[in-house]
Amino acid sequence: MSTVRAVLVLTLLASVAAPWGASAMTLPEAIALARRSNADLAQTRARSDVASARLAQARAGRLPSLILSGEGASGTTDLGGFFGFGQSDVSPRAASLQLRLPLFTGGGVSAAIARAGEGEAAARAELGGATSMLSAQVAAAYVGVLSAQDLLALSRAQVVQMDTITAQAKLRFKGGEIPRTELDQAVARQAESRAALARAEGQLARSRAHFVSVVGAEPDSLEAAIAPPATPASLDEAIAMASRSSPILLTAEAAERAAQAGVRYARAERLPSLALTATASTARDQFFPGYRADGVTVGVQGRWTLFSGGAVSGRVDEANAELRRAQAGVDAARAQVREAVIGAWGDVVTARAVMLAATDQASAATSALDSVRNEVRVGQKPVLDLLDAEREALAAQSALVATRGEVTVSAYRLEALLHGQ
């Protein structure tokens, strides 16, 4: 039985046994699990919630505030006969209710709302990018497990083939049909196949551990059929799409707008502010025994900082510097996204081309292996040629397994760069 046939048998057995066990996990299901349990994504989601809370706080600056304050005490006062009052026990208490409505803040409240809103937009873009990147990581982990399983099956089949070839070589050596050198070479390749099997087992263990780390569940049963995400028709289309919806660029642009609002907020400190106030108050025994006072006032409160020792100017300069930094960040993000998209697009195209070539190579290597096996059986070629053919067939099948997975992973990586989820 050839290596390819052995793998097909193992795959068939797995497909027959699957309906009787647990249903296979699909890649979308693995992505959904990771989004619910991934700690890094949870931190990014929490930062987005913080940004939303800051926006709510900033919007509150336009709304009226209602403040209730009060105090009460008990003690003794001695006015020393002043105004005819001597020593007396008093229980002073006071309460006030103040309604305050901002009328003019020099644009400070509007700037604060704009800055917080852009901060929320940046956080949402960051969350979308982190979600897309996590999808790519899950795809890589998912494909890693499937590839490791396929390579392990190929390695096991190869060990069976090497054991069979070695056993036949021993019989032929005893019969005087082949020299000692061919037998030793068969034994060496047999040991090589067992070493490859051990490496494949170790790689599968590592792949499973990485899957658990990323997804948060054991990859006990994975659906082998994977549909990679659709990709743009051309590189120019991919770059244009990234310039509109790349999470990296959207985050940088929102940060720039937030910095612009920060400059307006800092400059607003140079302008006066006005607020409408209405206060109702009551007081008892605040100054003299028996004293009481109740009142209601309505008025306007104003505040204008005429001199701050350069503090306001310093904050304006700081905000302008932050704006320049954010503008440079946008330029850097554009260059970064363009470079990353070109690289990711190249990876997708390369992976597809390599997979087609690997498919042809695996088919040709399998056909060559069958031919060499027949030729060795009738004595037309030495055992070494069969050993080489087995090695080449295994390498071709292994390369095909790896390239199939890379097609899916590269498509998800490109998807993460183009837009968030």
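**Entry 1, the sheet**

I began with a pair of residues and noted that the bridge partner of Leu 66 in β4 is Leu 99. Before going on I wrote down that this is a predicted model, in which local features need pLDDT of at least 70 and side-chain atom pairs count only at pLDDT 80 or more, while totals for chains, interfaces and linings use all residues. Residues are numbered from 1 along each chain as its sequence is written, and side-chain values use heavy atoms, with hydrogens and water left out.

For the elements I used DSSP runs numbered from the N terminus, with helices as H or I of at least four residues and strands as E of at least two. I then looked up how β1 (residues 65–72) meets β4 (residues 93–104), and found eight bridges joining these antiparallel strands; two strands pair if DSSP finds at least two bridges between them. Glu 71 also has its bridge partner in β4, namely Ala 94, and Ala 94 in turn stands opposite Ala 283 in β5. Between β4 and β5 (residues 273–284) I found eleven bridges, again with the strands antiparallel.

Taken as a whole, the four strands form an open sheet in the order β1-β4-β5-β6, with antiparallel pairing. Its edge strands are β1 and β6 (292–303), each of which pairs on one side only. On average, neighbouring strands of this sheet are turned by 15° against each other, direction ignored.

How many of the eight residues of β1 are buried? The number is zero, so β1 lies largely in the open; here buried means under 20% relative accessible area, exposed over 50% and partly exposed in between, with a 1.4 Å probe and protein chains only.

I next checked helix α3 (residues 39–59) and helix α4 (residues 108–174), whose axes come within 8 Å and cross at roughly 165°. Axes are lines fitted to C-alpha atoms, for helices over the stretch in contact, and angles run from 0 to 180 degrees between N-to-C directions. The two helices are therefore roughly antiparallel to each other, the label for angles over 145 degrees. The residues of this contact divide into twelve nonpolar, six polar and seven charged.

Within helix α4 I picked out Ala 123, which is buried, with a relative accessible area of 8%. Leaving aside its neighbours within four places in sequence, Ala 123 is in contact (heavy atoms within 4.5 Å) with Arg 47, Ser 48 and Ala 51. I also noted that Ala 123 and Arg 45 are 78 residues apart in sequence and 8.3 Å apart in space, C-alpha to C-alpha.

Last, I looked at helix α7 (residues 247–268) and helix α8 (residues 311–377), which pack at an angle of about 165° with their axes 8 Å apart. That makes α7 roughly antiparallel to α8. The residues of the contact of α7 with α8 divide into 15 nonpolar, six polar and six charged.

Conventions: Angles under 35 degrees count as roughly parallel, over 145 as roughly antiparallel, 65 to 115 as roughly perpendicular and the rest as oblique. Ala, Val, Leu, Ile, Met, Phe, Trp, Tyr, Cys and Pro count as nonpolar, Asp, Glu, Lys and Arg as charged, and the others, Gly among them, as polar.
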